[in-house]
Amino acid sequence: MANANNEYEHQPVPLEARKSLFSVAVVWAGFPMVMVGAFVGAQIVVSLGFLKGLLAIVLGNIVLAAYVACLSALAAKQGKTFAFSCQAIFGKVGAKVIAVFLAGLVVGWFAVQTGLAGHGLNTLLGLPLGWSVALGGALFTALSMAGIKMLKPISLVSITLFILTGIISMVLNFQHHQWSEVVNYRPASGHALALGIGVTMAISVFVDSGTLTADFTRWSKTPAQAVVASLCAFPFANILPMLLGGLVAASGEAVDGDFAHLLLNLGPAFGLFAALFFVINCASVATHGLYNAAAGWSAVLPLSFRQLVVVLGIVGTLLALAGITDWLVGWLSLLGIVVPGIGGAIIGWMVMGQQRFTPYRLLAAWGFSIICSSITSLHAPEYSVALVSIVSAFIFSVISLSLSPKTAWSHKGEVNDNA
């Protein structure tokens, strides 16, 4: 009989412990339906105009959906956390390097959400900023200790409040603005960005946790259910906040995309509702991020899942108090260059190399993708560096693996001499 409190961070999730399609879909969809997406959507629209910005948002989400769906199918087949599954792909050392890197990034994601929650409480309710951040960090850490079983109810509440707040905000927005005004919105002279940068921004918001999809979709009963669950998150749940943020930015109501701000016009009661929505939304994203982080670090540190949640929650809260939220835009740019190549290499291995253990070649594919995307960022910013990163890693891994003999992984992490 499956243990309901077991997170299975060191072994595949047994079939009897797997979750329903609805449960996994809700857990995944509750992660990207986040106010940061609205901020990013607004920035894309302000920089590109509404129609061109909408194109960038849609294209970015299509790329991210295909990327996460491929990795989700593999996750359900294996039933392993991302860090655990990487051992058969990148070797034990390579898997630890990648696990530490990505798990470190999602600690930053927890910190960003904790900082935003603190700022929200400070702005909407007048609570002291430092205490608001610390309180949010402690609350989100406590919730994360319950593991996967807590992510579903938090996600359900967050999704419901997000959709309700979005509907009310759009009704208020279009009481004062016409659709034609939104559609005809153009960026200010001299502030326009290339389409590729907008696509990269749309991908980068969740490319790190999208790469870590195995931590959630390993709970799916079949690869098909895992793919469906991932599609509920990308593109559907991820695209909604970007569109809402873009709409209020194009209307001129909130150039930062904060559509929930419109509820303040309805009086103090709705102001409290907006604050509640904002904190719960941040809680959903923060707990998902901390879950990812603990699952990743479990492959490196000899601590239990819940011990890691506490340690990483403290680290994330300290980062939030240090002001990591202010680095959000630069952080997203870095994610678009460095992270997608990991998934691109894994997808290449799925296509060509599941009977080959050649970790050095796949690590080289990741390195090659960083070089290609960095060059693109510097010399051809009109193209999406995130897409370049995925495609270059995929092509490198497919070609290099096709030149390698088939060898089964020994489960001890030995590196093939031909690697």
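## Cysteines and a cavity

Cys 86 is buried, with a relative accessible area of 1% (buried means under 20%, exposed over 50% and partly exposed in between, using a 1.4 Å probe and protein chains only). This is a predicted model, where local features need pLDDT of at least 70, side-chain atom pairs count only at pLDDT 80 or more, and totals for chains, interfaces and linings use all residues. Residues are numbered from 1 along each chain as its sequence is written, and side-chain values use heavy atoms, leaving out hydrogens and water.

So what about disulfides? A disulfide here is a pair of cysteine sulfur atoms within 2.5 Å, and the structure has zero of them. For Cys 86, the nearest cysteine sulfur belongs to Cys 70, 15 Å away. Cys 232 isn't in a disulfide either, and its nearest cysteine sulfur, again that of Cys 70, is 17 Å away. Cys 232 is partly exposed, at 30% relative accessible area.

Now for the inside. There is one cavity of 30 Å³ or more, meaning a set of points, on a 1 Å grid over the protein atoms alone, where a 1.4 Å probe fits but cannot get out; lining residues have an atom within 4 Å of a point. Points are joined across faces, edges and corners, and the volume is the space filled by probe spheres set on them. The largest cavity comes to about 70 Å³.

Which residues line the largest cavity? Among them are Leu 71, Phe 82, Ile 89, Thr 211 and Ile 346. Helix H3 (50-78) and helix H4 (82-85) each give two or more residues to this lining, and H3 has the largest share, with four.

Terms used. 1 Å grid on protein atoms, 1.4 Å probe; cavity = no way out; pocket = protein on both sides within 12 Å on 5 of 7 lines; lining within 4 Å.
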